[in-house]
Amino acid sequence: MKKNNILVAVVLLLFLGAITFSSCVKEFDIDFDKLSDSVGINPTIAVPVVNASLKLEQFLPDNEEVNQYLVVDDAGFMTVKYKFDLTEFTAGDFFPKTIDFSGPSLPEMNYILSPQKLTLGIANPIEKGEVYIADPKIKLIITSGIVMPVQFEFKDFNYYKEENSDPLPLIFKGTLADNIIKLNTPTTVGKTAITEILIDNTTSNISDLISALPHHLAVGGIVSTIKGQPYSVEEDSKIKVALELEIPFDIRLKDFVMTDTIEFKAGEDISGQLMSAYMKIIFENGFPLDINVQIDMADKDYNVIGGLFTNALTIKSGTTTNGKVTKSTSSTNEIDLKDSEINDLEKTKYLIIKGTLNTEGASDDKSVKFYSTYSFGVKIGAKVQLSIKNN
C-alpha cells in the first residue's frame, strides 16, 4: 500500500517556491510504502514517515541559461543575473542616404531603438502581502565603434506585471533625472569605447520595478549625434547596445501569501479504512523566514469542506546574528485527525494550500540576505489505525 505524503511535499514545495526560482521536491524520500498486507484487523502502526534535510545549494541550477544565470559569491550569497543583447547597428543604418560619412560639421541625426521586450521568466505567486528586493541593478552597456560624438536617451522604460497588463514606467532621478547621457567615443577607426549606464536605487525607483515581480520589461531609446564637430566615419562601423540585470537575494517578505491547489487522489483509497491518524512534525529551519501553512480540503467542485488541521503549521525562523542565520530553530507541530476530519478527507478531491511568509525583521522594514548554505530539515512520525479487509 503506497501513498505519497502530500502534506509534507506541498509544505516544502511551497516553502522553496517562495525563495527560489525552481523547486525540486524529488530530493525528499517521502513514502508511505511501509504498511504490510499481513497485519490483522484494526492494526495500529507507528512509522517514521520522513527524516530529510536539504541545503538551498541543492536547488541551484548547475547550467547557465542563455540569458539568465545564478552567481554565488565566496560567502554563499546569491544573485540572479540576466543578459540581453538589445540591438546592433552600423553607421550605414544611422546615416540617411543624403548625408556623407565625413564632413566639416556633424549634422543632427537619430537612431531609434524600438522598445525591446525582455522577459524575465519570474512567476508572480503573490496573492497578497509585500515583497521587496533591496538592491537590484540594471546596467545598460553601449559599445561604440563609430568615431563621432553621440548621446543616448531613454524613450521607453516600462515594466509589465502580467504579459498583457498596462505598462508602468521606471522613474529616473538623481544623475539620470535629465535622462540624456553622453557616450564615450573611440579615438580612432577600428577602436571601440564602452559606456556603462548604471540604474540603481540612487538613480531610479528600480526596487519598485523588480519588487513587482514583473513578467517582462520594455526598453527603448534614441541614439543621437552631438552636432557641430568635424567627422569622418566608416560605413560599417557599429554601435552595440546590451543590458544586464542583477537581482540579489536580499529581500523582505511581509505577510506574503501564496495559494496553490493540488489534486488529492488518496481519498478513495482510504475510504472506510482509516480509523485514526496522528502525526508529529518537527521542522529545523535554518532560513531567516517565518512560515505558516494551512491546508483546506475541497470537493470535486472546489468547495472547501474542512481544514486538514485546526491550527496552521508554524515554522519559526532560524536565529540570526548581524542579518545572517547562525542557528536553526526547531518547531514542533502535532496533528491529530478527528473523525469528522477523516470523513472529510475521504471526500476530498483537492487540497488547497495557503502559506504566509515573513522574513526576519520584516515588521521593521528590514530585508535579509539568503545564502546557498542555508538548510531546512523535517522529521515526521505517524501513528495510524487502519481497518483492513482481507480479500
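Ring pairs join Phe89, Phe94, Phe95, Phe101, Tyr111 and Tyr231 into a cluster. Rings of Phe, Tyr and Trp (its six-membered ring) pair if their centres lie within 6.5 Å; planes under 30 degrees apart count as stacked, over 60 as edge-to-face and the rest as tilted. That rule gives 17 aromatic pairs.

One of them is the tilted pair of Phe287 and Phe370, with 6.3 Å centre to centre and 35 degrees between the planes. Phe287 lies in the loop between β16 (274–285) and β17 (289–298), and Phe370 in the loop between β24 (368–369) and β25 (375–386), so the pair ties together parts 83 residues apart in sequence. Strands are DSSP runs (E, at least two residues), numbered from the N terminus. Phe287 and Phe370 are both buried, meaning under 20% relative accessible area (1.4 Å probe, protein chains only).

This is a predicted model: local features need pLDDT of at least 70, side-chain atom pairs count only at pLDDT 80 or more, and totals for chains, interfaces and linings use all residues. Residues are numbered from 1 along each chain as its sequence is written, and side-chain values use heavy atoms, leaving out hydrogens and water.

Charges also meet rings. A charge sits over a ring if NZ of Lys or CZ of Arg is within 6 Å of the ring centre and within 35 degrees of the ring normal.

| Charged residue | Ring | Distance to ring centre |
|---|---|---|
| Lys324 | Tyr371 | 4.2 Å |
| Lys369 | Phe77 | 5.1 Å |

Now for Ser331. Ser331 is in strand β22 (residues 329–337). Ser331 is buried, with a relative accessible area of 5%. Its C-alpha atom is 7.8 Å from that of Asn285, 46 residues apart along the chain.

How values were computed:
Helix = DSSP H or I, 4+ residues; strand = E, 2+ residues; numbered from the N terminus. Buried < 20%, exposed > 50% of the residue type's maximum accessible area, 1.4 Å probe, protein only.
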